[in-house]
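User: I am new to this structure. Please take me through it, and tell me what backs each term you use.

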Amino acid sequence: MYLPPHDPHVDDPMRFKPLFRIHLMERKCATVECMYGHKGPHNGHIQIVKKDEFSTKCNQTDHHRMSGGRQEEFRTWLREEWGRTLEDIFHEHMQELILMKFIYTSQYDNCLTYRRIYLPPSGPDDLIQPGLFKGTYGSHGLEIVMLSFHGRKAKGTKITGDPNIPAGQQTVEIDLAHPLQLPDIENLRDFSELSRIVLEVQEQVRREEQEREQRQEGEEHSQQAASQPASPLGGGGEGAEGEETAAGAEGTTQEKAPASQPFVLPMGVISRNEDYPRTCRICFYGTGLIAGHGFTSPERTPGVFVLFDDDRFGFIWLELKSFSLYSRIKVSFQNAQAPSREAFEEMLKNIQSLAT
């Protein structure tokens with residue numbers, strides 16, 4: 001199991017923790033040992049469920065328990081997971097979220113199911129190399145997000161989740177067709193100024209989507225009314241218009257993207273990590289997914305995607321007045337590349353359906 005570094009140090013390396021091991025014996029036999037807990041290896045079991053999926057089960061769960069009971073287990077887990085004690089955490093809401101996470105994860109320490117995850121394929125037009133990133137999520141601590149590119153959109157999919165947004169959900173979506181021109185550094189400190197800029201773009205995006213829907217409805221009505229399919233001239237014109245729009249948006253992005261520009265968080269925006277870069281390459285309009293505990297009342301809210309460099313980006317959650325900083329995971333995972341883009345897209349759908 002790969003654990004993120006202790007909150008909020010996103011640039012630190014991942015931590016490695018063995019969960020089980022297999023001893024291959026003669027005659028295609030094998031013994032399985034569970035490595036969970038602090039009493040050493042003990043008897044376990046592995047079952048192949050289906051292609052790209054298997055389950056592990058511990059046969060001696062008493063090895064997971066501690067003599068001091070749940071309280072000692074919680075304190076040990078807290079030191080390992082967060083690198084601190086409960087006394088170090090003064091924020092009551094954070095204490096509550098941490099306790100919820102411990103209760104949830106410790107329920108499943110005896111039986112785990114593993115499913116294959118592909119790394120996202122890369123393309124020549126990608127903003128940066130796609131991949132896995134460690135990100136700060138307020139009181140939830142550090143979580144793992146997969147950044148992938150899909151034409152004019154980029155998606156950040158949660159690989160690890162929390163009591164509000166489970167793993168598999170799309171935590172952020174970046175609209176690469178709508179770069180944001182940030183104000184100068186002094187005006188950027190004013191949250192209301194940044195908010196005004198983002199909400200103007202949000203309204204523009206809403207109008208464009210509405211116009212697109214109206215065009216599609218008009219085309220459907222025209223096709224139904226016509227006695228024969230639409231002429232090639234009409235279809236070609238539409239395709240050309242779509243290509244021209246995409247090319248125009250790309251040209252605007254490149255034109256408005258200086259080598260770097262000063263960056264500072266607006267006053268009132270909370271960040272777990274104050275050690276974020278003070279220059280950025282480019283910013284885009286985006287949306288972030290927020291929800292109540294148990295993934296209740298989920299909604300997408302406006303925000304700002306900030307690209308710092310090839311290995312770091314950030315997201316300003318406008319409604320929460322919060323900032324998440326993401327840093328690339330540089331572990332080399334073998335045999336993790338998707339056999340095709342279609343296979344990767346299918347995997348994304350599968351992990352999202354499991355979360356819902």
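Predicted model: local features only at pLDDT ≥ 70, side-chain atom pairs only at ≥ 80, totals over all residues.

User: Which residues line the second largest cavity?

Analyst: Its lining consists of P4, P5, D7, R15, E81, W82, K101, H140, G141 and L142. The volume of the second largest cavity is about 90 Å³.

User: How do the residues of that lining divide into nonpolar, polar and charged?

Analyst: Four are nonpolar, two are polar and four are charged.

User: What is known about the peptide bond that joins D7 and P8?

Analyst: It is a cis bond, with omega at about 5°. P8 sits in the loop between strand 1 and strand 2.

User: How many cavities of 30 Å³ or more does the structure hold?

Analyst: There are four. The largest cavity has about 120 Å³ of space.

User: What lines the largest cavity?

Analyst: The lining has 17 residues, and L19, F20, C34, T56 and K57 lie nearest the centre. Strand 4 (30–34), strand 5 (42–50), strand 6 (53–58) and strand 7 (111–115) each give two or more residues to this lining. By class, the lining has 10 nonpolar, four polar and three charged residues.

User: What stands out about phi of D52?

Analyst: Phi is near 65°, a positive value in a residue other than glycine. D52 lies in the loop between strand 5 and strand 6.

User: Why is the pair of D11 and R312 called a salt bridge?

Analyst: The term asks for a side-chain nitrogen of Lys or Arg within 4 Å of a carboxyl oxygen of Asp or Glu. In this pair, the closest N and O atoms are 4.0 Å apart. D11 is an Asp and R312 is an Arg, so the pair is counted as a salt bridge.

User: Where in the chain do D11 and R312 lie?

Analyst: They lie in distant parts of the chain, 301 residues apart. D11 is in the loop between strand 1 (2–3) and strand 2 (15–16), while R312 is in strand 17 (residues 312–317). The structure holds 23 salt bridges.

User: How far apart are the C-alpha centres of domain 1 and domain 2?

Analyst: The centres are 27 Å apart. Domain 1 gives 20 residues to the contact, and domain 2 gives 20 residues.

User: What makes residues 230–257 a part to read with care?

Analyst: Their pLDDT stays under 50. The score is the predictor's confidence on a scale from 0 to 100, so confidence here is under 50. For these residues the model has 11 contacts beyond four places in sequence. The chain averages a pLDDT of 85, and 90% of the residues score at least 70.

Key: Residues numbered from 1 in each chain as written. Heavy atoms only, no water. Contact = heavy atoms within 4.5 Å. 1 Å grid on protein atoms, 1.4 Å probe; cavity = no way out; pocket = protein on both sides within 12 Å on 5 of 7 lines; lining within 4 Å. Points joined across faces, edges and corners; volume = space filled by probe spheres on them. Helix = DSSP H or I, 4+ residues; strand = E, 2+ residues; numbered from the N terminus. Nonpolar A, V, L, I, M, F, W, Y, C, P; charged D, E, K, R; others polar. Domains from an automatic or database assignment.
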